[in-house]
Amino acid sequence: MPDPLVKLEGVSKAFGDRELFKNVDLEVSMGEIVTIVGPSGVGKTTLLRAIAGMTDVEGQVTIGGQPAQHNGVTNGNHRLCLVTQHANLWDHLSALDNVALVRRLLHDEPRRTARRAAMRYMEALEVGGVARQYPHSLSGGEQQRVSLARGFAAETPLLLLDEVSSNVDFRRRRMIADALLDIAKSGRSIVLVTHDLETAQLLRGRTLRLTPDGLDDLSEVDTRVTS
Ligand SMILES: Nc1ncnc2c1ncn2[C@@H]1O[C@H](COP(=O)(O)OP(=O)(O)OP(=O)(O)O)[C@@H](O)[C@H]1O
Ligand SMILES: [Mg+2]
C-alpha cells in the first residue's frame, strides 16, 4: 500500500478556551474522494483549513509525508488547492481570467493556452457562457461554479472543497459529482465538506461525520440507506 496522500493523527483544534474538535484521525489515498458532513459550526471549514496548513492545530497533519505547516505557514504550495465556501473570485478579472490565472501561475502556461484550458473546465461546469463577465455580474451559483472551475484548473494532487455543491439544483449536483469522479479517476484526491448528502451519495466514496470527539464513518449507514 502506498503512503496516504493526506494523514491526520490525533488532530485537535481550539480557539482560545473553546475546544472545537479533538482526536481527528484521517487518511486519504491517491484517487480517493472523502466527504465530511456535520452540523453548522462543528468545525468543517476549520478542519479543511487545518489540512491545508492554514491554521495551527494539536497533532499531526501531513500531505505527501510533509507537515502541512512549516514555521506557522502553509507548506501545501502546489500540492493542494482549497476552494472556499464563499467564491472569493478576483473582482478585477473576468471569470475566464480568474480561472486562467491559476494555469499561468501553477502550470506556467502562456496566456492563450491558459485561457483555452480554463475554458474547458468552465464549459464542463456550464459557465463557459459567462466567461467574459466580471464576478459582480454573475449569479451566486455561477460564481460558485467559476470558483470550482478555478480549483479544477489548478490540477493539484489534492483538492479541498468547502460546500461547493450547496445552492445548486439536482441536475447540476449530478454534473459536479460526475466532474469530481473524473478527477478522482485521474488519481487526484478530494476532500469535500458539505451539508449536501445527495452529492455525498452520488460520489459513492467514504462519508465521515465530524463531531467534537472526532470523525465517525457513516459509509455503512449510507449503504443501508441506499440499498
Ligand atoms: N479564527 C477564528 N477565531 C475564533 N473562532 C473561530 C475562528 N474560525 C472559526 N471559529 C469558530 O469555530 C466554529 C466552527 O467554524 P467553522 O467555520 O469551521 O464551522 P463549519 O462546520 O464549517 O460551519 P458551516 O457548516 O456553517 O460552514 C464556529 O463557531 C466559528 O465561529
Ligand atoms: Mg463551513
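Okay, one term before we start: a donor here is an N, O or S atom within 2.8 Å of the metal, and since water is not among the atoms, a site may look incomplete. Also, keep in mind that what you see is a predicted model.

So, the magnesium ion, ligand 2. Which protein residues are its donors? They're Thr45, through OG1, and Gln85, through OE1, sitting 2.1 to 2.4 Å from the ion. Now look at where those two come from. Thr45 is in helix H1, residues 44-51, while Gln85 is in the loop between strand E8 (80-83) and helix H2 (95-107), so the pair ties together parts that are 40 residues apart in sequence.

What are they like as a group?

Let's zoom in on some oxygen contacts of ligand 1. The side chain of Ser40 has an N or O atom 2.4 Å from a ligand oxygen. Val42 comes in with its backbone, an N or O atom at 3.3 Å from an oxygen of ligand 1. Gly43 also uses a polar backbone atom, 3.0 Å from a ligand oxygen. And how much of ligand 1 gets covered? On its own it exposes 640 Å², and the protein buries 60% of that.

How values were computed: Residues are numbered from 1 along each chain as its sequence is written. Chains are lettered from A and ligands numbered from 1 in the order in which they are written. This is a predicted model: local features need pLDDT of at least 70, side-chain atom pairs count only at pLDDT 80 or more; totals for chains, interfaces and linings use all residues. Side-chain values use heavy atoms; hydrogens and water are left out. Donors are N, O and S atoms within 2.8 Å of the metal (3.2 Å for Na, K and Ca); water is not among the atoms, so sites may look incomplete. Helices (H or I, at least four residues) and strands (E, at least two) are DSSP runs, numbered from the N terminus. A polar contact is a pair of N or O atoms within 3.5 Å; within protein, one must be able to donate a hydrogen and the other to accept it, and residues adjacent in sequence count only if both atoms are side-chain atoms. Accessible areas come from the Shrake-Rupley method with a 1.4 Å probe; for residues, only the protein chains shown count as cover.
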